[in-house]
Amino acid sequence: QVQLVESGGGLVQAGGSLRLSCAASGRTFSVYAMGWFRQAPGKEREFVAAINWSGLYTYYADSVKGRFTISRDNAKNTVYLQMNSLKPEDTAVYYCAAKPGAYGGRYYLNSKDYDYWGQGTQVTVSS
């Protein structure tokens with residue numbers, strides 16, 4: 001069983017920055033592909049960013065490309081989402097997700113590919 005705990009959300013003004021963290025349990029974190037998703041009120045959950053097990057390969061939604069950066073520290077069993085130049089439309093609950101046993105350069109964009117989810121952390125961007 002894998003447990004994911006997000007932190008780092010909060011209220012920030014437009015143009016500001018936040019860094020989300022997702023701490024994972026489990027001894028094999030280094031072979032998990034990880035992803036970040038978000039869900040705004042009244043909207044479906046959407047993909048934000050993904051990273052392969054080594055951190056060498058990443059992928060971003062067009063809406064966040066150039067502003068957000070996903071990274072990971074396998075020694076700390078943690079994945080991060082650095083969010084810069086935040087906009088009011090980035091307001092949502094942000095979730096991290098894990099796909100165990102994902103070797104090589106694989107990362108995943110579809111929420112259905114992930115096996116474990118965190119509880120979410122609220123990000124609110126004021127205009």
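Okay, so let's start with two tyrosines: Tyr108 and Tyr114 are both buried, meaning under 20% relative accessible area with a 1.4 Å probe and protein chains only. Before going on, this is a predicted model, where local features need pLDDT of at least 70, side-chain atom pairs count only at pLDDT 80 or more, and totals for chains, interfaces and linings use all residues. Residues are numbered from 1 along each chain as its sequence is written, and side-chain values use heavy atoms, with hydrogens and water left out.

Back to the rings. Phe37 and Tyr114 make an aromatic pair, 5.5 Å centre to centre with 80 degrees between the planes, which is edge-to-face. Rings of Phe, Tyr and Trp (its six-membered ring) pair if their centres lie within 6.5 Å; planes under 30 degrees apart are stacked, over 60 edge-to-face, and the rest tilted. Phe37 sits in strand E4 and Tyr114 in the loop between E9 and strand E10 (116–117), so this pair ties together parts 77 residues apart in sequence. Strands here are DSSP runs of at least two residues, numbered from the N terminus.

Tyr114 has another partner: its ring centre is 6.2 Å from that of Tyr108, with the planes at 80 degrees, so that pair is edge-to-face too. How many aromatic pairs does the rule give? Seven. Ring pairs join Phe37, Phe47, Tyr59, Tyr107, Tyr108, Tyr114 and Trp117 into a cluster.

Arg45 has its charged end over the ring of Trp117, 4.7 Å from the centre, and Lys65 lies over the face of Tyr59, at 5.8 Å from the ring centre. For that, NZ of Lys or CZ of Arg must be within 6 Å of the ring centre and within 35 degrees of the ring normal.

Terms used. Helix = DSSP H or I, 4+ residues; strand = E, 2+ residues; numbered from the N terminus. Buried < 20%, exposed > 50% of the residue type's maximum accessible area, 1.4 Å probe, protein only.
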